[in-house]
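I opened this one to look up a few things for myself. My notes follow, in the order in which I made them.

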Amino acid sequence: MQFTTSPSIPSSSLKGGSSIHSRSDIIHSMAAFSFTRCLVRSYFCVKCVDHVQTRLQTTTRMFCVSTSRSTQFTDTEVQDILTKITGLDLKKVFQPIRQQLTPPKYKLMTDTELEEAVRKAEEQAKHLLKMPPVLPERKPINDVLSEDQMLEGMNTAKYVFTDINFNVPHRERFIVVREPSGTLRKATWNERDRIIQVYFPKEGRKITPPPIFKEENLRVVFEQDRHEDVLNQCVVQFEPDSAEFKNVLMLTYEDIEKHGKYDLLRSTRFFGGFAWHLVNGRRIDGLLVDMLQRDLMQDAVRLVRLFNLVHPQSESAQHAQRQQATDLNLLKIYAQYESNRAGFIELAVQTYEQTKAPSSF
Amino acid sequence: MQVSFLQSGAVSQAEHRWVKCPRRQHRHQCVPWRELQIIALSSSMQMLHLRGHKFGQHARRSRTPQHPNMAAVTRLCCVLRLSFEGVGTLRALGGAAHFSHLARHSAPQYAPVTAALQQNRHSSFFNKLTADELWRGVLAESGAGARKGRGKRTKRKVKKDLNRGQNLGEGRAGYLWPGLNSPVYRDGSIQKPSQRGEAEQKEVTAALERQRDEWDKRRKTKIKRERGWTGFSWGGISLGPPDPGPNGETYEDFDSRVIEVKSVFNVTAKESRKRSISALVAVGNGNGAAGFALGKAADKNTALRKAKNRAMHYLYYIERYNNHTIYHDIESKFKRTTLRMKKQNKGYGLRCHRAVITLCKLIGIEDMYAKVDGSVNLLNITRALFHGLANQETHQNLADKKQLNVVEFRAEQGALPIVVAQPQLGARKEPEVEDDVPNTRLHWADVKASQGVKRSVWAGVKRTIW
């Protein structure tokens, strides 16, 4: 693992003025910036979880954070379980998108060629199903660089100074604000997002968030079962560690959980995050029941295993650990100790066993 | 009125002498001599004034006694040809009220002669001929002008039924005849003929006038004809469903559209050029069943009807892909007409020749591009289209022919392979050999269009109204 040392920033490259830091301060801030940059640069392209995973692991090792013991979203085992329960329905993943239509092309293929084509499609589908990252919420920036009383009342508006060097990563950009009262402070996260969108526009992202993300509008959209569209737009508009992003995600997840519309997100890239959210909130009953209703036994078992991973102190986890339970026994243990819908789960397991047992003969 | 005089030949004292009819075309026929009133005039001119002249009909002999003037002109032998303007006054004769109606419009004018011309007829050709015969004379439908297509298109007179609105018993004087226009019995007693009052009679005549005017107005109103491909052409006009068949079968779900109406001539021995109308009509139910036929007749409506009903006997069934387009690009040639058709995606529309659009709508094809090269003869275009579409190769046929799976790739669905047809006997092991350069013939116009070099403003037009 390397730290990429960022180049020192000469003052001439900054637009306007910045207060002078000592060299050590700069180095420390550089270090801090760099590791978050390495961390978040990979999050910037939201599809690369692997880099993220290594970075986070190293960061935990470096800083000895107390969360090192508990399972994280980026653990291999967790990711494996989540990808498996997301499923891979090619027809849903490759749904026709809104674009200029062209006449279709035809190929004559043998069976082997057809299988090859299906395999290629599945690979592309896996690439499309990479999950957006689950990050802790970013801490607000309250850094004041200088207080100049004599500038008070000179301007009527705030001035924002931005470093628009092309080779500077966005997380490391200097964006400072001179208030009319004379204080020079670092820009808040919202201001930073807006300013960066002005100078380095990203496709699909608006400068002010569109009104669809307001609660009353979200309610309307949820009634039309368009959760996936909302989440796609949210991923494009907001940064993964921003408060608005987490808020919209939570509202969506709550609505799905409330109405039991689990199938809307199955085979999309948001199912993993959704399942993680439920597992963390210890509310996997609804999802379990839905899986059992659709005869997805393996997925239900994996979900319970994930639950045990995330909450090793829970009763079901301890019992399972003691009994070294596998497969359906896990389900039974979970149903016995943790679940609110125990009856349904047990009944479903029994019927599955009955249907499976004669077929195995 | 041009009056021609003839030489009165041997004049005799006989009462019913028949002389030759003065009118040119009826010269071979005779009219009673008594009908001619010849009045002696000044010494410079002698005119024979004719009135109430019968056209080629030997009427019944009049019972009027010999006129005293007749004797005076028996010795007349001079023939003069004179023409003078105007129509002689025609006093109303007893009988047709319409005669007076017509008479009102003729302005009485007199030729500059010294003596007064007196016309006094009790009967004339008006009441000696039937209405049909009179109208035949007025309309002149079968004259030399009507033959060989010499008649002008706009100068047609319209026949009007003059007896409409007439009641037996109604007249100008306004008499009430019991049994005809008034009840026979009133309060138990038999009525006698009486007369209406002045005011009431005026009212009745005014009402009748108004009714006739209303009828005239309604007759004159023009019904707007549905517009085809252009304002005057009959192409693209719908004729409704074909007529029901002899065994009672109806074709309500079929719609018929005219493709072409043209007048064609055939040279015969008897009449030099015989004109007839040829109509090309196509029928279709919008679900793959369609056909076309040619009908010929002397008048347009008959030709259209013949073609429409004949087309039902020549139906094709055309397979469509997903009910909106063809299976693959087709290039079909018939005589000197080439028709290149291209498969398109949903929502593309029909960007074709207007006749091809009409036919595709009848078949049920919604999205296609077609280009007509070579001759633009509509019959040949129709035949090329139907032959090409009927000989399409469906995906299942292709799969069975090649023993391979037919797999579809759509741009909007990424790399997903959609299997549209599998061979019935299973796919073979050897893959299809494909050249690096596909063996298709390119057309310069299509290459230009695909590269965006084409400068026509009509290039990508998608018509929604036809």
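This is a predicted model: local features need pLDDT of at least 70, side-chain atom pairs count only at pLDDT 80 or more; totals for chains, interfaces and linings use all residues.

**Strands around β12(B)**

I began with β12(B), which pairs with strand β13 (residues 315-317) of chain B in the antiparallel sense over three bridges. For my notes, two strands pair if DSSP finds at least two bridges between them, and helices (H or I, at least four residues) and strands (E, at least two) are DSSP runs numbered from the N terminus. Within this pairing, Y316(B) in β13(B) stands opposite A290(B).

Residues are numbered from 1 along each chain as its sequence is written, chains are lettered from A and ligands numbered from 1 in the order in which they are written, and side-chain values use heavy atoms, with hydrogens and water left out.

Next I looked at strand β11 (residues 273-284) of chain B, which pairs with β12(B) in the antiparallel sense over eight bridges. Here V283(B) has G291(B) as its bridge partner in β12(B). The two strands form a hairpin with four residues between them, and G286(B) in the turn has a positive phi of about 75°.

How many of the nine residues of β12(B) are buried? I found seven, so the strand (residues 289-297) is mostly covered, where buried means under 20% relative accessible area, exposed over 50%, and partly exposed in between (1.4 Å probe, protein chains only).

A140(B) has a positive one, near 55°. I placed A140(B) in the loop between α4 (131-139) and β5 (175-176) of chain B, and A140(B) is partly exposed at 49% relative accessible area. N323(B) also has a positive phi, of about 60°. N323(B) lies in the loop between β13 and β14 (330-334) of chain B and is partly exposed at 45% relative accessibility.

**Cores**

I then turned to the largest nonpolar core, where L288(A) and L331(A) touch the most other members out of 53 residues. Such a core is a set of buried Ala, Val, Leu, Ile, Met, Phe, Trp, Tyr and Cys residues joined through side-chain atoms within 4.5 Å. Helix α12 (residues 297-310) of chain A gives this core its largest share, eight residues. Apart from this core lies another, of 31 residues, including I330(B) and L362(B).

**Salt bridges**

How many salt bridges are there over all chains? I have 42, counting a side-chain nitrogen of Lys or Arg within 4 Å of a carboxyl oxygen of Asp or Glu. One of them joins K261(A) and D225(A) at 2.8 Å, N to O. This pair links distant parts of the chain, 36 residues apart: K261(A) is in the loop between α9 (243-259) and α10 (271-280) of chain A, and D225(A) in the loop between α7 and α8 (227-237) of chain A.

I also checked D132(B) and K159(B), whose side chains meet in a salt bridge of 2.8 Å, N to O. D132(B) lies in helix α4 of chain B and K159(B) in the loop between α4 and β5 of chain B, so the pair ties together parts 27 residues apart in sequence. D132(B) is partly exposed at 49% relative accessibility, and K159(B) is partly exposed at 45%.
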